[in-house]
Amino acid sequence: MTISIWRYSHLALAISSFIFLLLVSITGGILALEPILEKSNPYSVKNASQLTIAQTINIVKKNYDEVISIKRDKNGFILLEASTTSGNNTFYINPFTGKKIGDVIKQKSIFKFMTNLHRSLFLKSLGRIFIGITAFLLFLIAISGVFLIIKRQNGIKKFLSKVIKESASQYFHIIFGRLTLIPIIILSLTGAYLSLLRFEIIPNKKIELVTDQYSSTNDKKIQPIHFPVFKNISLSEVRELTFPFFEDEEEYYHLKLKDKEAYIHQFTGAIVSEQKYPFSALLSNLSLNLHTGKGSIIWSLIIGISTLCIPYFIYSGFVMTLKRRKKSKVLKNSFHKDKAEYIILVGSETGNTFELARLFYNALIDLGKTVFITELNAYTSYKKAEHIIIFTATYGKGEPPANAKKFKRSFAKITPIKEIHFSVVGLGSLAYPDFCKYAIDVDHMLQSHPKFIPVTGIHKINNQSFEAFKTWSSKWSKNTGLPIQVSPPKRNIDTKKHQQFLVVERSSLNTDDTFLLRLRPEKKTQFTSGDLLAFYPKSDSIERLYSIGKVDGDILLSIKKHKYGICSTYFSQLIENDTITALIRPNPHFNVPKRTKEMVMIANGTGIAPFLGMINENYNNAQATLFWGGRNEESKTLYNPIIQEGLDNRTLHSFFPAYSRVHQEKIYVQHIVEKNAPLIASTLHKKGIVFICGSIIMQKDVLYVIDQICLQINGKPLSYYQNKGQLKMDCY
């Protein structure tokens, strides 16, 4: 499969450096503990930084006959080197008293080992070169990852918006990647910069204090505690103050501050020489502090967690790559392209689209047909082609996936030998505003060509739904006269995650053959309205998903019994105290966000189930409005108790039903939505949420109406609000 330049770069960089990245990240995570342990020592003295140099000198001179230097380390501890009865010693002091409070912190052997391994892999200069290159590659990996997230999230403005969960590895790869992006970029850049400094590729200029001939014979000698320069500088600005060795004109106090150094005359306090650090020196010091976390517990924790996330990125990245490769591997064709009557073209960025395309390929082969399958980029002329079936996803803002970018150009250049029947199937997620946009564009391209004849209209599939795919294949079969039978994909069902649910209540069927099923988890389970109940019937392994309404801690399902429905028939025969085996799938893109103040819920038929739960769970008393479409008054008899209770308790502020079988003129839910246009426009303008649950046909009509409302009243398209996460849909 052809992949985008950013994905290819991201993968290639990771593969080429993953061993070094593992070593660097693990050792870096361990080394991040060192500054935390150092900072936790009890050598910090409150308000010590507010003392002036003069005050500090006065105090230490009273306690020690000879002071060599005073330092303030990266932790803010005051370090004194002085002559004592036991010789020259260096130790931490309390600058208010001058008393010793601790010995110099010595680096633990484990941190020495990890430092050498982290810096050079014990390979000296050669190892430092490898580590420097690895740091720079990590920076490139992070940048390419940023571009991939921007593409996936449909633009830089949605970089931080909610991530659509396709798999655990994909979801957490993006979530953790966004959280650790800035620390990893800082670590990689500072690591590369320090390596360049080490090999002097970037010059690290050092200052040299130049002293002119200076005489103090005419100046009055004063004590250091009275030097103006010492009285005006606090310890917070000091890095080190070195005292003169002898009482000699050419022996000075050497003062190192954060931004400069100076020589101070030991008799007069005059500044003999002063020079600011060059920018390169300040940058190298900043890089070292940022890279090591010295002096900051919070930053050390951040870089420690970030570096330890890198092994997970390597793992999850390879998991996604292997899955993508496995899914996108094109079948070995049994027939040459010019001998096949049925051509299947696939457009996919992640490889998921190939799964359904393969099912259709196998079904045609089972009928004894000559079939050829390939990528959209490989589109060319086909001598015997009678049908072209296109399965394609959409990438970014309605763009073609990586293996379909050349299709438009190829299609414009190649003229079919004869008329060809075509069908276009779009795959995507309703959570994105540009749902199946590229598939729509491809369908328009083929529609506009005189030699392409449509077999079915464009068909859109949400979240790889096999049921939606089966619906399309049945329609295609009917229109072509081919008795095609698609087999469900083989899935490994993890029964360990399944649990038992007790049947609390099952209502009788109403006039629409619809009933309510109330279930109670037998063990404590976290779920909320809008999540999904996944059920696997014994007769096949196809997962059936039902939208959940949470009512008083129980699961409420609204189900329509179909004549040949395996699951609906089974559920309709359950009685109180029966148990079923299923599992709950979180569906975060269809849950009510916290602090929601206004929400509009739109449904038809059994799509009302999650909204009944949202009404019951409306603890924050958000202004909730429900639009619902059914056949007649009797259709909502099942739901009346919860709706009425919601209206009485003000957890539901208004309810607008639409009945399609009552009046001569059929009234559907989109009609009553249109009549309440100001309410819809106001809800979106006030950052409220619009939920839609029910059939795809209903969804299409409702979206058109709401889009017109937004344009006419708010002056913005519906996609504007969808990009802000104010439109949530779960349709089937």
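**View A. K687 is exposed, with a relative accessible area of 70%.** Exposed means over 50% relative accessible area, buried under 20%, and partly exposed in between, for a 1.4 Å probe and protein chains only. The model is predicted: local features need pLDDT of at least 70, side-chain atom pairs count only at pLDDT 80 or more, and totals for chains, interfaces and linings use all residues. Residues are numbered from 1 along each chain as its sequence is written, and side-chain values use heavy atoms, with hydrogens and water left out. K687 sits in the loop between α18 (677–685) and β25 (689–694). Helices (H or I, at least four residues) and strands (E, at least two) are DSSP runs, numbered from the N terminus. K687 is not a glycine, yet its phi is positive, about 70°. Most residues other than glycine have a negative phi.

**View B. L121 is another non-glycine residue with a positive phi, of about 60°.** It lies in the loop between α4 (109–120) and α5 (124–152). L121 is buried, with a relative accessible area of 13%.

**View C. Strands β22, β23 and helix α15 make a right-handed β-α-β unit.** A crossover counts as right-handed if, with the strands pointing away from the viewer, the path from the first strand over the helix to the second runs clockwise. β22 (residues 598–604) and β23 run parallel, joined by seven bridges. Strands pair if DSSP finds at least two bridges between them. N604 has G629 in β23 as its bridge partner. Helix α15 (residues 609–616) has seven of its eight residues buried, so this helix is largely enclosed by the rest of the structure. The buried residues of α15 are A609, P610, F611, L612, G613, M614 and I615. Strand β23 is likewise largely enclosed, because seven of its eight residues are buried.

**View D. β23 (residues 623–630) also runs parallel to β24 (residues 654–659), with six bridges joining them.** G630 stands opposite Y659 in β24. Another bridge pair sets L626 against F655 of β24.

**View E. Seven strands form an open sheet with antiparallel pairing, in the order β18-β17-β21-β15-β16-β20-β19.** β18 (544–547) and β19 (549–551) are the edge strands; each has a single partner strand, so one side of each is left without a neighbour in the sheet. From one strand to the next, the twist averages 45°. Axes for such angles are lines fitted to C-alpha atoms (for helices over the stretch in contact), and angles run from 0 to 180 degrees between N-to-C directions. Inside the order, β16 (residues 514–521) and β20 (residues 554–560) pair in the antiparallel sense over six bridges. F515 has I559 in β20 as its bridge partner.

**View F. Strands β6 and β7 form a hairpin with two residues between them.** Five bridges join β6 (residues 252–257) to β7 (residues 260–265), and the two run antiparallel. L255 is bridged to A262 in β7. β7 also pairs with β8 (residues 271–276), in the antiparallel sense and over five bridges. Here Y263 stands opposite S273 in β8. The hairpin of β7 and β8 has five residues between the strands, and G269 in that hairpin takes a positive phi near 80°.

**View G. The second largest pocket holds about 1,400 Å³ of space.** On a 1 Å grid over the protein atoms alone, a pocket is an open set of points with protein on both sides within 12 Å along at least five of seven lines; a cavity is a set where a 1.4 Å probe fits but cannot get out; lining residues have an atom within 4 Å of a point. Points are joined across faces, edges and corners, and a volume is the space filled by probe spheres set on them. The pocket is lined by 47 residues, with K74, L288, N289, T292 and K294 nearest its centre. Helix α6 (residues 168–198) gives the largest share of the lining, seven residues. By class, the lining has 18 nonpolar, 15 polar and 14 charged residues. Ala, Val, Leu, Ile, Met, Phe, Trp, Tyr, Cys and Pro count as nonpolar, Asp, Glu, Lys and Arg as charged, and the others, Gly among them, as polar.

**View H. The largest cavity contains about 50 Å³ of space.** The count of cavities of 30 Å³ or more comes to two. Y379, T380, S381, Y382, I388, I414, P416, I417 and I420 line the largest cavity. Seven of these lining residues are nonpolar, two are polar and none is charged.
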